[in-house]
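Hello,

Here is the structure I promised to pass on. Please open it first, then read my notes below.

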Amino acid sequence: MADEDILSDDLLRQLMSVGEADILVGIHTHNNAKTIGQLVQIVREGLLKYFPRERVAILNVDGGSQDGTTDLVRAAAISDVRDATPFYALRTLHCISTKYNDVPSAGRAMHIVVAAADLLRAKACAIVAPESSEIQPDWMNRLLRPIYREHFDFVAPVYGRQRFDGMLVTNLMYPMIRAVYGKPIREPRPGEFGFSDRLVSELIGHELWTQDAGRIGPEVCFTVSALADDARIFQTFLGPKGHVDHQPADLVAALRQTVAPLFWSMDSTYASWNAINVVQTLPSDGPEYEVGMDPVHVDLTRLHQMFASGVVDLQDVLKSILSTSTLAQLQSVAALDETNFQYSDELWVKVVYEFAASYHRSVINRDHIVQALAPLYRGRAYAFLTENLNASKDDLAEHIEALCRTFERLKPYLLECWTAQEGGS
Amino acid sequence: MASAPTSLWYKEAVIYQVHVRAMYDSNGDGIGDFRGLAQKLDYLRDLGITAIWLMPFFPSPLRDDGYDISDYTSVHPNYGSLDDFKVFLDAARSRSIRVIIELVLNHTSDQHPWFQESRSSVDSPRRDWYVWSDTDTRYRGVRIIFLDTEMSNWAWDPISKAYYWHRFFSHQPDLNYDNPAVREEMWNVMKFWLQLGVDGFRLDAVPYLVEREGTSCENLPETHVVIKELRQRLDENFPGRMLLAEANQWPADLRAYFGNGDEFHMAFHFPLMPRMFMALKLEDRKPITEILQQTPAIPDPCQWCLFLRNHDELTLEMVTDMERDYMYDEYAHDKGMRLNLGIRRRLAPLLDNDRRRIELMNGMLFSLPGTPVIYYGDEIGMGDNIFLGDRNGVRTPMQWDGGWNAGFSAADPESLYAALILNPVYGYQAVNVASQKRLQHTLLSWMRRLLQVRKSSPIFSRGSIESLYPANHRVLAYVRKLGSETVLIVNNLSASAQAVELDLSEFKGNILVEMFGRNIFPRIGELPYLLTLGPYQFYWFRLRRI
């Protein structure tokens with residue numbers, strides 16, 4: 001059942017006009033006037049091309065734009081009042097827009113989309129990031145077709161990325177989710193994804209919407225919920241994606257949007273993942289993974305320094321999070337100069353698993369745990385970059401695969417930490 | 001509100017389309033006839049119709065259900081004699097029912113003496129009455145209408161060793177309207193029937209009268225010249241008679257057939273009909289409002305003629321490819337239901353025999369601007385038989401009662417011109433006039449009431465239309481105005497209940513009076529007017545300032 005508080009009266013009136021929908025596309029915006037017009041045009045073109053007979057609505061949930069974003073969305077509607085040239089549609093295509101009063105929040109916006117999907121009884125929904133400059137009309141088909149026509153519950157995207165884009169995903173989110181939930185979701189925090197009415201029913205009353213993790217990182221919670229629900233998941237290759245456009249430059253903020261929701265979701269879905277010890281393949285279309293070889297521009301020395309100083313500065317905090325053995329190994333690594341630096345996959349995996357377990361046990365403030373991961377991740381990123389600076393595409397893929405296998409091999413260690421009575425060992 | 005002048009009778013008419021053969025067989029030969037039709041006029045009068053449109057009843061080889069005429073001034077012996085026709089005409093007049101007959105101007109049967117004479121020799125005085133050619137390459141690119149049966153618009157005549165032009169079946173050669181003698185003869189034909197007392201003609205296939213190289217051979221200026229000439233003669237000699245165009249064209253092309261009020265009095269609005277069905281299935285008013293927006297204004301004495309179904313297939317010529325595919329998938333999933341570019345089904349089966357949808361579609365038919373046409377049997381929800389060839393599946397005998405041959409004929413069932421519908425849903429024992437007359441809430445009774453309400457105000461026949469565009473696109477709403485009178489029509493195209501807010505600020509202070517039950521609805525105030533409608537429900541409200 002929809003949460004009545006989440007939907008404004010104005011939105012309810014608009015939804016009343018939409019009635020029942022087969023397909024709903026949600027777009028969360030906040031001052032996206034520069035890109036939103038073109039994006040909505042492409043979404044509309046894709047919907048008309050691939051779902052010409054379906055009842056379709058585009059719902060823009062806006063976090064208080066002052067630049068006319070919502071007007072641009074509404075202008076894309078196709079009705080019997082507005083001339084839709086050059087597009088032709090059999091039926092009305094609704095483009096509706098609503099603003100919420102809180103500070104801009106992806107979780108709030110997604111909650112509204114889910115509530116609207118529930119009210120409209122939409123059979124298939126998609127979320128599209130407002131800044132997706134690479135979007136093509138066929139993304140609508142790729143995201144929605146598996147749900148609408150093939151009865152999948154969740155469609156996760158695969159993007160073509162540059163080799164060092166999204167290292168938080170390749171070094172933590174992807175391998176950890178793969179090991180923990182047994183499914184290789186390449187983009188656990190997708191800008192675009194699709195979901196079914198069944199998933200809407202599961203999520204509409206979910207506690208994630210009331211938690212910081214859900215408010216800040218709803219995409220991860222969404223993905224993990226689908227995994228924990230044993231939903232039918234499909235991966236679709238959407239093509240190239242710009243440089244981590246949804247990921248803030250601030251690493252701590254990025255961790256709050258990705259790692260925190262993952263840890264939180266693991267906490268609430270333990271029963272569904274603790275016994276998983278195999279990795280399934282997922283049905284998909286297109287390549288599973290594609291990387292570009294653009295040159296990297298990172299200040300490696302500074303990255304190394306931030307890691308080394310972080311380990312020293314946060315020593316007391318890390319003591320309460322990490323085991324004595326892991327902390328000691330970490331401190332040894334931090335003491336190495338750049339020339340001799342070595343940060344093994346195994347150490348990194350243990351660090352991550354111990355952080356997750358400590359988050360679960362709330363050994364200290366959970367947000368402090370997430371923040372404390374930042375310098376340790378920098379060390380891992382430094383190691384990954386230096387080791388793969390001259391690696392080929394295949395080598396890079398093999399290194400990531402090896403890391404995944406380490407996450408999987410050490411899953412018993414995660415369970416051991418998770419179920420330990422007290423922090424530290 | 002005063003009625004229209006008598007000369008504008010067609011604007012306020014409710015037309016009933018029937019083939020004489022299908023109505024009632026008075027002599028037990030298995031085929032309906034004029035004496036039988038005359039016996040059923042009381043039924044039609046009670047239904048409330050004001051005009052009958054008779055499909056071709058002339059002598060004919062009947063290879064196209066009478067649209068292949070071999071004698072324009074007589075009656076096919078199957079249906080009686082010319083005297084029988086006169087008896088019928090008098091009986092109709094005595095009940096104030098007008099009679100419109102069909103005239104196929106464009107072509108004759110190849111059995112017509114004119115064609116026989118024409119083909120007999122290149123020196124025949126009637127050689128130039130048809131369009132002959134030594135090659136089949138003239139008028140290249142002109143579309144073929146009967147795609148399922150014809151490969152070309154030219155047919156080889158082995159007798160005269162030349163090709164003749166035909167836009168329809170090859171046994172229907174086109175007359176040559178560039179020949180003044182042909183135009184004169186066709187006027188003589190019209191004059192013959194007008195002198196007997198018919199009130200108008202439905203002129204078949206009018207866009208194709210004249211051919212010109214390098215054109216589509218449709219809607220040519222020369223065709224309009226022919227029509228204007230006929231209309232002028234009609235007005236001069238028989239004022240108050242009416243011409244109705246069958247021109248399956250887009251609204252912009254159709255507009256030309258009204259001329260400046262000096263061509264046709266009425267024309268069928270072909271593009272509207274499939275869009276009504278489409279809107280109903282889509283549960284979206286867009287197809288209807290769009291075609292209404294594209295419908296041009298017509299001269300004041302002129303009128304659109306509206307229909308839901310007729311004797312032909314539900315034509316999908318005037319829709320886009322996407323729309324046609326949708327209509328086929330939704331309304332003719334069985335390929336046997338498809339014919340040419342259309343769907344050969346009756347109204348009730350098209351709408352899954354859903355009484356609510358049948359009522360809604362009729363409600364729109366009778367409230368949109370134009371003169372409505374009821375196809376015989378649709379007023380009781382008759383079914384069809386897609387296993388009969390061509391369009392014969394929608395031309396089966398009228399189902400009068402549950403007795404012998406549905407009360408249509410005393411003949412042996414095997415000798416009927418077409419098999420009766422026998423299935424449990426639409427068979428004559430389930431669907432017939434007698435049983436529906438017995439109850440107040442049958443479709444027939446409801447149709448009678450609909451016609452009464454329609455005829456209670458000339459606003460439906462002569463009023464203007466203004467579409468409303470409420471945010472709820474499943475609701476089709478429009479306002480009809482005539483003089484100081486206003487009627488609001490609200491239709492729910494959806495299978496589920498709907499709420500709709502209507503901007504009626506222009507009518508603030510008026511109360512709404514529902515026209516079927518005469519109940520009063522709240523006064524229109526400052527706020528948008530909120531209405532709720534059940535599935536497929538519609539309202540007709542008269543606005544009153546009290």
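How are α15(A) and α16(A) oriented to each other, roughly parallel or roughly antiparallel? First, some ground rules. This is a predicted model, where local features need pLDDT of at least 70, side-chain atom pairs count only at pLDDT 80 or more, and totals for chains, interfaces and linings use all residues. Residues are numbered from 1 along each chain as its sequence is written, while chains are lettered from A and ligands numbered from 1 in the order in which they are written.

**The helix pair in chain A**

Helix α15 spans residues 345–361 of chain A, and helix α16 spans residues 366–388. Helices (H or I, at least four residues) and strands (E, at least two) are DSSP runs, numbered from the N terminus. The two axes come within 10 Å and cross at roughly 175°. Axes are lines fitted to C-alpha atoms, for helices over the stretch in contact, and angles run from 0 to 180 degrees between N-to-C directions. α15(A) and α16(A) are therefore roughly antiparallel; that term applies to angles over 145 degrees, while under 35 counts as roughly parallel.

Residues of α15(A) including Trp348(A) and Phe355(A) meet residues of α16(A), among them Leu373(A) and Arg380(A). Contact means C-beta atoms, placed from the backbone, within 7 Å. By class, this contact has seven nonpolar, one polar and two charged residues. Ala, Val, Leu, Ile, Met, Phe, Trp, Tyr, Cys and Pro count as nonpolar, Asp, Glu, Lys and Arg as charged, and the others, Gly among them, as polar.

**Where the chains touch**

Chain B gives 16 residues to the contact, and chain A gives eleven. On the chain B side, α10 (286–293) and α11 (321–331) each supply at least two residues. That side has six nonpolar, four polar and six charged residues.

**Two asparagines**

Most residues other than glycine have a negative phi. Asn31(A) has a positive phi of about 55°, and Asn405(B) has one of about 50°. Asn31(A) sits in the loop between β1 (23–29) and α2 (33–50) of chain A. Asn31(A) is partly exposed, with 16 other C-beta atoms within 10 Å. Asn405(B) is buried, with 21. The cut-offs are 20 or more for buried, 12 or fewer for exposed, and in between for partly exposed, with C-beta atoms placed from the backbone.

Best wishes

Note on methods
Two residues are in contact if their C-beta atoms, placed from the backbone, lie within 7 Å. Angles under 35 degrees count as roughly parallel, over 145 as roughly antiparallel, 65 to 115 as roughly perpendicular and the rest as oblique.
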